[in-house]
Every structure is written in C-alpha cells, then in structure tokens.
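Student: Can you walk me through this one? I'd like to start with the rings and then move on to the helices and loops.

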Amino acid sequence: MDSSSKTVDFLQGKTILVTGVTGFLGKLFIEKILRVQCNIKKLYLLIRADDSITCSKRLHHEVFGKDVFNTLRDKMGKTLNSFITEKVIAVPGDISKKNLGIEDNKLSEEMWKEIEIIVNVAATTTFDERYDISFGINTLGALNVLNFAKKCLNTKILLHVSTAFVGDLREEILMEKQFYMGQTLSKTKNLNIDVEKKVIENKLNDLRQQRTSEEEIKRAMKDLGIERGRLYGWSNTYVFTKAMGEMLLNQFKDEDMSLVIIRPTMVLSTYKEPFPGWIEGLKTMDSILVSYGKGRITCFLGSDDSIFDAIPADMVVNAMMVAMEAHATELSKSTIYHVGSSSRNILKLETCHDCAYRYFSQNPLKDKKSGKSIKLKKAILLSTTTEFSNYISTHYGLPLKVHVFDHCYMKG
C-alpha cells in the first residue's frame, strides 16, 4: 500500500477540527479531505463569527461557494449539499480568544469528546499587520488552540501551519529545529512573550488616553510590530509573531500528544489538485508578477541565479495530510517539516523572469484607460543594492527633480 492510500485510509471515520477554513490553504485542505475520503466522520470548521447564522453564511459563501469546490461538486452532483450537512459542522468562534471563542457549552463538550485531530491553519499573513492583531492570532491563537486540544479526550495530534520564514532571511540551510522559549535571531536580546503582551497593552492604553484617532492607532500598532520584530532579529511582524506562536506550542505541549509543525515557503497556486492554477487573491510573489505584467516594474533586485523558494499549495496540503497519518501515534513527539523547493527543484529568478515575460507577451494585460494591450520589455536584473539605488536614482529620482524644478520655474 502506497503512502497516499495509507493516508486516505487513516482519515476514514476520523473527526477533525480545522481552523482558518475561510483562508486560501484552509479551503484547499478541507476540499481535499472531502474529495478523497467520503467516509470521514465529521469536520468541525471554526469560523470567526459572533453567532451561528453569520457563521453558516460565511461557510457557504466564503468556503463551499468558491470555485475550488467545483471538482467535488462535479463528482457528487446533487448529493453534495446533503453530504456537507452530514459531515460538516460550522463552529462560530475566534482563535484569538480563550476556548477558541466558542460560547455554546454543549457544543464545546461535544467537540471535546469527539475530536481526534486538530489542524490549525488560522493566521494573519500580512507582513505589516497591527502588532496587537498579529500577536492575538499568530501567537496567542496558537496557544489557545493547544489549550483547547488539551481538553479533548481523544485528540492525539495537533498539526500547526507556520512558515519557513520564521528563520527569516538568513543565507544558509535552515534546519528543521524548534524554537525554544525566549530564543531570538539577533542573539543579543532575551525575548519574553509576557513582556510583549504588556508592551501591546501599554501602547494601546497610551494611545487611547491621548484620544488618538483609529487611523493613527492602526499606524502606530503597525509600526510597533515592525519595531519589536526587528529588535529581536525578525524582518516583519508576521514572521515574528509566528515564531512566538511556535515557542508557546513547544513549551506547553502535553506529553500524550503529538505536535507537527508544517513550515511552507512561498505558497503558490495549485499544481494539480483539485485543478491546476487555482489561487485566491494575490499571494507573496503574485503581486510583483502582476505589477510586472502591467508595466509598472522595470527592474528586479537580484542576480540570475537568485533562488525563489516556492511551493504549490496542493503540495503543502499533501504534506499536511501525510504528516498527520505518519505522526498520529508518536505521542510526546514534536516534529517540524519545511515544505519548499529550493533543495530539490530550484526556481531561479532568471527562470521566473523568462516565464513571466513569455506569458505576458502571449497574454498581454489591457491598459484600463486606453484599452490597448500593454507591451512589455524584459526587466533589468540588478545584482547589488548599489546598482539598484543608482538605477532608481537615474530613472526616477532625476526625472522627478527636473519635474519639480520645471513646475517651480513656471509658477515663479
């Protein structure tokens, strides 16, 4: 029996709690489970909502109403709705709150008795998110999921999706090692998560006492996240708060539970399943490629052999499912998997650039004002920050200064 068959068989009769199901990866994960194992017992899907009505609406509009379920819809036809009703329970809640924000005591007790596997995909992936929001979801949210798992009588495995960039941007082979409490990348500061929580609370209190506007509070909390992350060696709020979430999981995990942390690199559109090319919104490098297709980006900072470590989303889902099956009986063990491509199937900047140029040359985007096709030139690759700075200064800085001078001269 191959590994895929073992994994499908493992899922038979299982009851699973999944968080983050309205997100890109969460939708793909539950779609794959429902498509390959119709004998799953039950899926509890935690959805951020204040009540069951709002929760149900979000489930049907933001999850099952999406194109990613077309393959399953074609496979099951008219029976899909009854299948979903039988197998899926939408749970209103919020992972940033204790007990996952579940207020229905009867539902909580039912979940504690039945759930065997917990998969935490919930996250805010915005690099410069407000520190209080990112800390609440990515850091404390991970701990809240763990504490909920400890109350479940039959839960033997918690699978947590993190990011390979918790190791940040170091140019070296990043080992699949866990973070211990207080560890930093700067190695000059001791990180205390309780102190970080207090820093957030004090900052918010100060801002509100000063009657600061909501827009100014938002800006200040974004700046605070970047500032605190860089203090300890992380480049942005997202990777900093995800790293702290891992620390809490490793520190407080029970001995009778298996913990698996999946760290994907840049997650791209699907390779094969449920069909090639599915994506939702603009992820990681997509916004750069679209800007290039619109003619807004004329250069890239990097050499021809710079490596993009990227991975299709369906490969991440496959890794998650295989890891669940492989470690379900390895109690007390913590395992980390990096899911990427840079060590086996390297995607270099030159290849990415050539593919983008060929694609947009054959399938040009339209200019919104004129309606004409946008004709692209190959972008210039600049291998050093000095070359990049000189290019920007020459092509943008100097014309801007001339424009300002002309404007002032004409006005004068």
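Tutor: What follows is a short tour of a predicted model.

Student: How many aromatic pairs are there?

Tutor: The count comes to 12 aromatic pairs. Take W112 and F148 as one of them. Their ring centres are 6.1 Å apart and their planes sit at 50°, so the pair is tilted.

Student: Why tilted?

Tutor: Planes under 30 degrees apart would count as stacked and those over 60 as edge-to-face, so an angle between those limits is called tilted. For W112 and F148 the angle is 50°.

Student: Which helices do W112 and F148 sit in?

Tutor: W112 is in helix α6, residues 105–114. F148 is in helix α7, residues 131–151. The pair therefore ties together parts that are 36 residues apart in sequence.

Student: And is F148 buried or exposed?

Tutor: F148 is buried, at 1% relative accessible area. W112 is partly exposed, at 21%.

Student: What about Y359 and F360, what kind of pair do they form?

Tutor: An edge-to-face pair. The centres of Y359 and F360 are 5.3 Å apart, with 80° between the planes. Y359 is partly exposed, at 47% relative accessible area. F360 is buried, at 10%.

Student: Which residues form an aromatic cluster?

Tutor: Y131, F135, F179, Y232, W234 and F240 form one cluster.

Student: What lies over the face of F10?

Tutor: K14 does. K14 is 4.5 Å from the centre of the F10 ring.

Student: Helices now. How do α11 and α13 cross?

Tutor: Helix α11 covers residues 286–293 and helix α13 covers residues 349–362. Their axes come within 10 Å and cross at roughly 45°. The two helices are therefore oblique to each other. The crossing of α11 and α13 is right-handed.

Student: Which residues make that contact?

Tutor: From α11, L289, Y292 and G293. From α13, C352, H353, A356, Y357 and F360.

Student: Switching topic. Where is R73?

Tutor: R73 is in helix α4, residues 70–76. R73 is partly exposed, at 28% relative accessibility.

Student: What does R73 touch?

Tutor: Leaving out residues up to four places away in sequence, R73 touches F64, G65, K66 and L80.

Student: And how far is R73 from N202?

Tutor: Their C-alpha atoms are separated by 50 Å. Along the chain, R73 and N202 are 129 residues apart.

Student: On to the backbone. Which residues does a cis peptide bond join?

Tutor: E273 and P274, with omega at about -5°. P274 is in the loop between β7 (266–268) and α11. That is the α11 that crosses α13.

Student: Is R211 buried or exposed?

Tutor: Exposed, at 78% relative accessibility.

Notes. Residues are numbered from 1 along each chain as its sequence is written. This is a predicted model: local features need pLDDT of at least 70, side-chain atom pairs count only at pLDDT 80 or more; totals for chains, interfaces and linings use all residues. Side-chain values use heavy atoms; hydrogens and water are left out. Rings of Phe, Tyr and Trp (its six-membered ring) pair if their centres lie within 6.5 Å; planes under 30 degrees apart count as stacked, over 60 as edge-to-face and the rest as tilted. Helices (H or I, at least four residues) and strands (E, at least two) are DSSP runs, numbered from the N terminus. Buried means under 20% relative accessible area, exposed over 50%, partly exposed in between (1.4 Å probe, protein chains only). A charge sits over a ring if NZ of Lys or CZ of Arg is within 6 Å of the ring centre and within 35 degrees of the ring normal. Axes are lines fitted to C-alpha atoms, for helices over the stretch in contact, and angles run from 0 to 180 degrees between N-to-C directions. Angles under 35 degrees count as roughly parallel, over 145 as roughly antiparallel, 65 to 115 as roughly perpendicular and the rest as oblique. A crossing is left-handed if the near helix is turned anticlockwise from the far one by less than a right angle, and right-handed if clockwise. Contact means heavy atoms within 4.5 Å.
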